[in-house]
Amino acid sequence: MPEQSLPINDIRFTSRRLVRELGFMGGDFAGTDLPPSAVHALIEIETCPGITARDLGKLLRLEKSSVSRMLRKLILSGDVLEAADSEDNRIKRLYLAGRGQDRVGAIHAFANRQVSNALSRLALADGRAILEGLRLYADALEDRSDAPVPTVEIVEGYRPGLIARITQMHALYYARTSGFGQPFESVVAEGLASFCNRLEKPQNAVWAAMRGQEIIGSVAIDGEDLGSDIAHLRWFIVDDGVRGGGVGRRLLAAALAFADRNAFAETHLWTFNGLSAARHLYETHGFACVEERPGSQWGSEVLEQRFVRPREL
């Protein structure tokens, strides 16, 4: 399975689509006649009553002049009240007026319907995945200096959920990129489950890339199925969100070090033509393509490739 560059263009496209679907590009936004910046301002004033214009501008990433113009309109419309600070008259605090409270209530009702309608089309697990993904993406965009950078650890051995997670990553990736369906997923699950029953043998091993308790990548060495002197590198995959970050290289290095320590003469792997990033990764680790043959066993026609790497002495 390849380690590819992060899908920057896909993320940008989806971000633009999200902006359009939420109504940022024009027309009524959140059921109001207000621009998006004013809607966000009202929500933040409700969340932090007494916030200053300066702090509001920092929160919304707006210039001082833009904040001043926007607040002037909201004050004149009766949505926002401006009051002097109790200790320093030079500081002005912002609060929602009655009209503003009513307007924010309507905004919340509109937004809740919008989100609820979208989530009703998804499974519960998908909704949770969206929430976590949006949090991670927002934190990364914010580039917080105090935010801990999640570390990825390469760990050897079986752990609960390993078979299901590796199967899921394979099924989703190859359904999207190669059109593989249920037969492919079943073969992955059956083969991996059988292999894990043989992990007590010293010539077999599996590694997982762990980010906290989440499995985000895998690779295995099967030292039995191709003969006593050949290591079969199998189930090499990295989750979509971490490709290009070096996780695949670390997994591959762990597997090949194991193969060399156990004195396998060669390490073999099967892949498909067209995965150029994967081929480059394999070749930089000493693999060479020695066989190509057409195959359609997974539901779509592909050119299967066998790569071989001799043991490094």
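**Salt bridges in the predicted model**

By salt bridge I mean a side-chain nitrogen of Lys or Arg within 4 Å of a carboxyl oxygen of Asp or Glu. Arg 165 sits in helix α7 (residues 162-178) and Asp 239 in the loop between β7 (230-238) and α9 (247-261), so this pair ties together parts 74 residues apart in sequence. Helices (H or I, at least four residues) and strands (E, at least two) are DSSP runs, numbered from the N terminus.

Quick housekeeping: this is a predicted model, where local features need pLDDT of at least 70 and side-chain atom pairs count only at pLDDT 80 or more, while totals for chains, interfaces and linings use all residues. Residues are numbered from 1 along each chain as its sequence is written, and side-chain values use heavy atoms, with hydrogens and water left out.

Back to our pair. Arg 165 counts as buried at 16% relative accessibility, and Asp 239 as partly exposed at 21%. The cut-offs: buried is under 20% relative accessible area, exposed is over 50%, partly exposed is in between (1.4 Å probe, protein chains only).

How many salt bridges does the structure hold? There are 17.

Next one: Asp 260 and Arg 309 meet at 2.9 Å, N to O. Asp 260 is in helix α9 and Arg 309 in strand β10 (residues 302-310), so they link parts 49 residues apart in sequence. Both Asp 260 and Arg 309 are buried.

Last, a network: salt bridges with shared partners join Arg 198, Lys 201, Asp 222, Glu 224, Asp 225 and Arg 234. Within that, Glu 224 pairs with Arg 198 at 2.6 Å between the closest N and O atoms.
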